[in-house]
Amino acid sequence: VSSRIPGRVIKAYLSLNRRIWARLPLSVRLGASGRAYGRHLHGLVQQLSRRFQSHGTFFLRNRAELELMCRLQDKKPPGSGLRLSILACSKGAEVYSILWALRSARPDLKISTWALDISAEILKFAEKGHYTLGGPEVGNGDVTGSAPKTTDATWKDQPVSIFERMTCEEMKAMFQVAGDHATIRPWLKEGITWSAADANDPALVHILGLQDIVVANRFLCHMAPEAAEKCLHNIVRLVKPGGFLFVSGIDLDVRTKVARALGWIPVPHLLKEIHEGDVSLKNGWPFEYWGLEPFCDDLPDWKLRYTAVFQIGQAATTRQDQTPDLGVPALQR
Ligand SMILES: C[S@@+](CC[C@H](N)C(=O)[O-])C[C@H]1O[C@@H](n2cnc3c(N)ncnc32)[C@H](O)[C@@H]1O
């Protein structure tokens, strides 16, 4: 229906509803009718918004994601290899956070990491692993981005610090700090291949080879739904049979559609924690297109809808009725 209503009418409707929403008590917003109302508004916002990419990111952005990635390694024999690809890695915060978590949990693993982003410029910045402290990296934009202003050591496009979600102890473990600069410790920079690449590129699988884990977080939501769907179909080709795909920050309808069509197995462990684990996405709902609706297990397809981690491939398609056993073996074959 809304495709036949002029955009300016929907904008006015949303503006009115923003005021109504702001007055609703939290208990109402989180109740069944409040969530349905929010989903209705968010659907309109997604339809109307001009989507744009950004480089906004955080260290230790979603702790539950990191925890699950470590648990997936629990039963791997000592000294095993792990092939990991992180797409759309932006300033490197996600890459270093994952490697810090994995290497702290399993220092014996031989991890080879591809860190990819479509922007060669941001990758150069990420590879240096050199950041400024000194409070928020203030720019003109919001957390989803604005024109970046770069200096040697920072990239001023987000209103809050890239370190915002870290404790002092974690800062000390990951960085060498001198003056107002923090540099990633050398042990976290080992084994990373930084490469400018488009996640849409069908040749990617030939360049990277099949991966045990592919991470494709928080960039597909900035694409139009059809483009995101197509890109996701390409990304999943990188995962080896029985391997795992981490994909959050994408329209839930798109992810659910592709997951269902390709028979991915949702990994239920920490499902809710991961869904709720990124406070900026949570706070952006329902009036930002990239906002994430609250978890709710009374929707019929909630397991598929809210899962951000899937087991993929031959092993997955033959075992759709099963819950992946984290220790088993997909990664050990
Ligand atoms: C919001 S950042 C996400 C950073 C990180 N993944 C995270 O979750 O914090 C989005 C990044 O996606 C990159 N990007 C956008 N389109 C891409 C594509 N088609 N292929 C690879 N990277 C892409 C952008 O350059 C940007 O650095």
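# Close-up views of a predicted model

**View 1. Four bridges join strand E4 to strand E5 (residues 181-184), and the two run antiparallel.** The structure shown here is a predicted model, in which local features need pLDDT of at least 70 and side-chain atom pairs count only at pLDDT 80 or more, whereas totals for chains, interfaces and linings use all residues. Residues are numbered from 1 along each chain as its sequence is written, and side-chain values use heavy atoms, with hydrogens and water left out. Helices (H or I, at least four residues) and strands (E, at least two) are DSSP runs, numbered from the N terminus. Strands count as paired if DSSP finds at least two bridges between them. E4 and E5 belong to an open sheet of three strands with antiparallel pairing, in the order E3-E5-E4. Strands E3 and E4 (175-178) each have a single partner strand and stand at the edges, so one side of each lacks a neighbour in the sheet. On average, neighbouring strands in this sheet are turned by 25° against each other, direction ignored.

View 2. Leaving out neighbours within four places in sequence, Phe175 is in contact (heavy atoms within 4.5 Å) with Phe59, Tyr131, Phe163, Met166, Ala182, Thr183, Ile184 and Arg185. A nonpolar core here is a set of buried Ala, Val, Leu, Ile, Met, Phe, Trp, Tyr and Cys residues joined through side-chain atoms within 4.5 Å. Buried means under 20% relative accessible area, exposed means over 50%, and partly exposed lies in between (1.4 Å probe, protein chains only). The largest nonpolar core has 47 residues, and Phe59, Leu84 and Phe175 touch the most other members. Helix H5 gives the most to this core, with eight residues. A second, separate core of 31 residues includes Leu87, Leu304, Phe310 and Ile312.

**View 3. Helix H6 (residues 120-128) has a buried side.** Look for Ile122, Leu123, Phe125 and Ala126, the buried residues of H6. Seen down the axis of H6, these fall within an arc of 160°, so they line one face of the helix; the arc is that of the directions from the helix axis to the C-beta atoms. The buried residues pack against helix H5 (93-105) and against strands E2 (110-117), E3 (130-132) and E6 (192-196). Just after H6, Gly129 takes a positive phi of about 65°. His130 has its place in strand E3 and, with a relative accessible area of 23%, is partly exposed. His130 and Arg185 are 55 residues apart in sequence, and their C-alpha atoms lie 9.9 Å apart in space.

**View 4. Seven strands form an open sheet with mixed pairing.** Their order is E6-E2-E1-E7-E8-E10-E9. The edge strands are E6 and strand E9 (265-266), each of which pairs on one side only. Strand E8 (residues 239-246) and strand E10 (residues 309-311) run antiparallel and are joined by three bridges; Leu245 stands opposite Phe310 in E10. Helix H4 (residues 63-71) packs on the sheet, where it touches strand E1 (81-87), strand E7 (211-216), E8 and E10. The direction of H4 makes about 160° with that of E8; axes are lines fitted to C-alpha atoms, for helices over the stretch in contact, and angles run from 0 to 180 degrees between N-to-C directions. E1 and E2 run parallel, joined by six bridges, with Gly81 opposite Lys110 in E2. Five of the seven residues of E1 are buried, which leaves the strand mostly covered.

View 5. At 11% relative accessibility, Arg35 counts as buried. Not counting residues up to four places away in sequence, Arg35 touches Arg29, Leu30, Trp285, Pro294, Cys296 and Asp298.

View 6. The average pLDDT (the predictor's confidence in each residue, from 0 to 100) is 90, and 86% of the residues score at least 70. Over residues 136-152, pLDDT stays under 50, and the model has 49 contacts beyond four places in sequence for this stretch. Residues 327-333 also have a pLDDT below 50, with 19 contacts in the model beyond near neighbours in sequence.
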